[in-house]
Every structure is written in structure tokens, then in C-alpha cells.
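Please walk through the following structure with attention to its strands, its nonpolar core and its charged pairs.

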Amino acid sequence: MFSKKDSRGQQQSPQKQAAPSILSADLVVNGNLVSEGDMQVDGTVEGDITSKKLTISATAVVRGSIEAEAIVIAGAVTGQVKARHVTLNKTARVIADVVQERLTIEPGAFFEGNCRHFPEEKPGEKKALERIGAKPDLAPAALVGTSKPATGEASASEKENRALA
């Protein structure tokens, strides 16, 4: 009744959302973990983790790079953290470089490392830049204007402006 038909006219079952993967507190993993769903780490991971939403609990220890849409850290992380939204809870101990769009740090959290913000891409902004002929990578300089090195020669428009003055 609620299922959809694909392009061939066959019935598709409603897409199930996978249950979050949980690594228990007594588990030690040496290697990388990749999931398209949510993941909660309570144990120790020596390796990189990639998932949609990642929760590092207060008992967890992670040594490696972690990347997700949203990361909540209550345990220890050493390495690199990359996510749109990173939250460090009061029990978090993070020694890492953090790349994020939005960072929340609760009082009491320990953070040592570099923090870098990657800009949120706004769909209307890119079109506006293309409309004025600016390349998005060069947009700030193109919009603000750049100074030209002094050459000692005046351009034709500068000569016109002087003549009118």
C-alpha cells in the first residue's frame, strides 16, 4: 500500500533504517570501521572510523581519524575529527585537529589541538557568484576587489576621471 514502484514497475519495499552499530566497552578493535548508518563506540578503537552519526561514549578510547555528519564525544579521542557538527561533552578528552562547521564544547571538556572551520555551502550563494562571473574559489577577492600594483601609468578610465575633475 505504501511501497513505491521502481522505473521497471516492480514493487520496492520501504527503505529500512539500520539499527545503530554499538561496540561494547570490553571490545578492542585494531583496524578501520566504516558504516553508512549510526555508530556508538563504548570500547577501544585503534584505527579510523567513518559513519553517518558517531557517538564516542565516556568509556571509549579512539586513536585515529573519525569522520561523520555529526559526532558526539564523551570519551577520549586522539587523532583527527571531521564532521559538520562536533559536540564535546564535559567528560570528553580530545587531542586532535578538528575540522567542522559547528562546534559545541561543554564546560569541563578537555580539548587540545587545532580547530578549523569549513564553510557551509549555500546554494544561492554559488549561483549569485556565477551570475556575476566570479569563480567561487576566487569569490572573496573578486567581490572585495584587489589592489593593483602601482605601475606609474594611468589607465584610460583614470585619465578620463582626471579630465572631468
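A residue is called buried under 20% relative accessible area, exposed over 50% and partly exposed in between, with a 1.4 Å probe and protein chains only. The model is predicted, so that local features need pLDDT of at least 70 and side-chain atom pairs count only at pLDDT 80 or more, while totals for chains, interfaces and linings use all residues. Residues are numbered from 1 along each chain as its sequence is written, and side-chain values use heavy atoms, with hydrogens and water left out.

The strands are DSSP runs of E with at least two residues, numbered from the N terminus, and two of them pair if DSSP finds at least two bridges between them. Strands β10 and β11 run parallel and are joined by 12 bridges; Ile 73 has Leu 88 in β11 as its bridge partner. Between β11 and β12, which also run parallel, there are 12 bridges, and Thr 87 is partnered with Thr 104 in β12.

A nonpolar core is a set of buried Ala, Val, Leu, Ile, Met, Phe, Trp, Tyr and Cys residues joined through side-chain atoms within 4.5 Å. The largest such core has 24 residues, and Val 41, Ile 49, Leu 54, Ile 66, Ile 73 and Val 81 have the most contacts inside it. At least two residues of this core come from each of β6 (38–41), β9 (53–56), β10 (61–73), β11 (76–88) and β12 (93–105). With contact meaning heavy atoms within 4.5 Å, and leaving aside residues up to four places away in sequence, Leu 54 touches partners including Met 39, Val 41, Ile 49 and Ile 66.

A salt bridge places a side-chain nitrogen of Lys or Arg within 4 Å of a carboxyl oxygen of Asp or Glu, and the structure holds three of them. In one, the closest N and O atoms of Glu 46 and Arg 63 are 2.2 Å apart; because Glu 46 lies in strand β7 (residues 44–46) and Arg 63 in strand β10, the pair ties together parts that are 17 residues apart in sequence.

Glu 69 meets Arg 84 at 3.3 Å, N to O, whereas the closest N and O atoms of Glu 101 and Arg 84 are 2.5 Å apart. Glu 69 is partly exposed at 43% relative accessible area, as is Arg 84 at 40%, but Glu 101 is buried at 17%.

Methods. Helices (H or I, at least four residues) and strands (E, at least two) are DSSP runs, numbered from the N terminus.
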